[in-house]
Amino acid sequence: MANLKDHLGRPVVAVTGIGVVTSLGVGKADNWAALTSGKSGIHPITRFPTDLLNTRISGMVDFLPSSAKGASALTYELAETAALEAVEEAGFASDDFDGPLFLASPPVELDWRDRFTLYAGDDEGSASERLLKVARSQNSLDMFDTSQFGSIADRLADRFGTRGLPITTSTACASGATAIQLGVEAIRRGECDRALSVGADGSATAEALIRFSLLSALSTNNDVPEKASKPFSKDRDGFVLAEGSAALVLESLESALARGAEVLGILRGCGEKADDFHRTRSKPDGSPAIAAVKAALADAGLAEDEIDYVNAHGTSTPENDKMEHLSLSTVFGERIRKIPVSSNKSMIGHTLSAAGAIEAAFSLMTMREGVIPPTINYDNPDPSIELDVVPNVKRKAEVRTVLSNSFGFGGQNTCLVMAREPV
Amino acid sequence: MANRDVVITGIGLVSSLGEGGAAHWEKLTTAGTAPVIDAERFQPYAIHPLPEIDWGLQIAKRGDQRQMETWQRLGTYTAGMALDDAGIKGNDELSATMDMVVAAGGGERDESVDAGVLAASENRTDLDVLINEKLTTELRPTLFLAQLSNLLAGNISIVHKVTGSSRTFMGEEGAGVSAIETAAARIRSGQSTHVLVGGAFQTEHSDMLLGYELAGYLHRGPWKPVWQRQGSEGGGVVTGSGGAFLVLESRDHAEARGQKIYAELGPVLSGRTKRRNGGLEAAIGALLAKAEIPEGELLAISGSSGAHAATAAEKAALDSNPAIAARALSSLTGHMKEAQFPFAVALAALAVERGAGYPAFEAGEREFAGKPRNVLATAIGYHQFEGMALVSAPR
């Protein structure tokens, strides 16, 4: 009989449903097959012209009905698709989930095509006056919804019958992990037996690409797109902007067992620590990331030598991978050379607000399947980063516990610790 | 058993009325205080503008100030006031263990770049290429960071060294409600000992007005106080720039460090009503029933926006209880979106701490003459999401 309370007397949180969408496909089966065969989802951008752009590749999700309908519509469809897979797997009614919703999604802004439409609706006054005047005369709820930060969660709450006021969170590239953490904490507080945590990002617009590009954050390896994302390689030159989503149904182990649900994994611990050094750069000593990893281990009640695999943040930017190596080697010491550490982003790119959720989903599947997805494009190792990155080819391994890292602009550091089995 | 009642130990406020709890108390308890209104800059919309602020008082480095636009500066400034007020600012240990939940929208776009793109669009058919052309050459690289929602929290970490944890919630008034509700729940459960929570809204930017006006929510024509806008031209909302941050603490934590307690934060309630089916008034009534409202006269700080439907529903729900005397804070500050609920909770805390109510903010609001021990704070979203909290005098 598994313990229903953890080492701190809190309800153990199980995962009973998983859903995922990335540039590799829709659903767990397709994604897992591609991920374990080392396939890349990175491809040339076709959604908009790439004239004058330094980066012309991405991991956009181009195969959904909403893929060309703007960031808000696509983010919603990504979230809905992943959530539906997760809720159905968990065995709950897809229109009556009856637990809270935690959504990680990108900040929204009115799409350029809508700005052009509004502007063209009048011919007097300044640009901003024209937009406002036409906006109030059109009174378009559809356009309005794309400008409201709570709209996507509101629609999802309707769609899935979640309980209460849904929370939309943004902690930059750690958002997906934060959404999971919020769900875990709500269950631990006894506020609910189950929660739906979703990370979704369909915001790879031209403007988003240009903004990241202006910060020199993106790879410009346009010629061979599938080779552009190369975490931990010496010649890594930035991340690849990507889209995707993942959803987890989190449930108290007690509730899951009571209703005979299949337990897909355990969310054992969450840790976070903010960095006060710089808006985009990490503290040089890596102390906030180190503190976040340690906090997650402590929250999980696990020692450093009890982690079998690290699902790295591994963005393929020069700075992140160096800092992540520093923090991992500080926490795990010499043993870090022997712990497999791989980056899903080598294949799916950086899915920003969704990344933490997608990588948690893949971490759980890694444990269930006993197969570690590789870090592809590892042809030119960075000699200063001595890690077993599971280079280029998947590896069979018994994985009982995973640490998944998420680090983001604004000093966001969030780590999750997951386990295959309850204790 | 540890005493994990949630208490309020720090308040930071900025609005068109001024800055700080004391200044707001002074203005708001002086009957007949006139709102500060700018009806010219964004005609036909009136707004409540920011007062003049010496940013250096809370953001010492000019380099930090330059990295932000007004919204982030305003939030960082207001957060600093709350930390100062709670005796935490500059205390490295308390700051490093402090959690943070910020309710945020987005920052300011570059209006001149946008206007340039739109102007050029009149003579172009390849609009997508135009975007690439203009944005790659004209956008300031660091502007992106000034626009990112979570970078208000990021700047608070950098400037004030609050680094226990950093979470940003999005979603208009509801984000402010969830931020306070989550912070309080974390304290009550022992997940946090002290939390910085709040938000800011900078309305003096056409995009911020556009966010309301896409659905026709803004009031037009001569300014009127909140409860009197029904039937007026436009949608009823008059916006204001402002910010509100609170320091929430467990009672044990506050008492152990001898910190003054403004008030106790009681039940925090939130909801999401499917408004298109009607029933908002009943839903607000149901929240009121759960708010553990004590017997007798009750002062309420209403965050109502003025938006016709939501404001009418809230007024009907509040009026149906003759013991409630509501004050619509937006009549004097304008609607501050994500900061609206934290602001209402802050005014409620000031009233119980000072032991006095606020006079009517507009004609027609019920008198309240007593000494308030409990004050209700509400935020019924102009479009979606609802919340309220009961704030009580410290025991």
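Predicted model: local features only at pLDDT ≥ 70, side-chain atom pairs only at ≥ 80, totals over all residues.
Residues are numbered from 1 along each chain as its sequence is written, while chains are lettered from A and ligands numbered from 1 in the order in which they are written.

Helix α5 spans residues 111-121 of chain B. Helices here are DSSP runs of H or I, at least four residues long; strands are runs of E, at least two; both are numbered from the N terminus. The buried residues of α5(B) are B:Asp114, B:Val117, B:Leu118 and B:Ser121 (buried means 20 or more such C-beta atoms). They cover an arc of only 95° around the axis, so they sit on the same side of α5(B). The arc is taken from the directions between the helix axis and the C-beta atoms. An α-helix has 3.6 residues a turn, so residues three or four places apart point the same way.

What do the buried residues of α5(B) pack against? They meet α3 and α4 of chain A, together with α6 (127-138) of chain B. Contact means C-beta atoms within 7 Å.

## Where the chains meet

The contact takes 61 residues from chain B and 63 residues from chain A. On the chain B side, α6(B) gives the largest share, 8 residues. By class, that side has 25 nonpolar, 26 polar and 10 charged residues. Ala, Val, Leu, Ile, Met, Phe, Trp, Tyr, Cys and Pro count as nonpolar; Asp, Glu, Lys and Arg as charged; the others, Gly among them, as polar.

## Helix α4 of chain A and its partners

α4(A) packs with α10(B) at about 10°, with their axes 9 Å apart. That makes the two roughly parallel (under 35 degrees). Axes are lines fitted to C-alpha atoms, for helices over the stretch in contact, and angles run from 0 to 180 degrees between N-to-C directions. The α4(A) residues in this contact include A:Leu131 and A:Ala135.

The axes of α3(A) and α4(A) come within 8 Å and cross at roughly 90°. So α3(A) is roughly perpendicular to α4(A) (65 to 115 degrees). Here the contact has 6 nonpolar, no polar and 2 charged residues.

Key:
Parallel < 35°, antiparallel > 145°, perpendicular 65-115°, else oblique. Buried ≥ 20, exposed ≤ 12 C-beta atoms within 10 Å, placed from the backbone. Contact = placed C-beta atoms within 7 Å.
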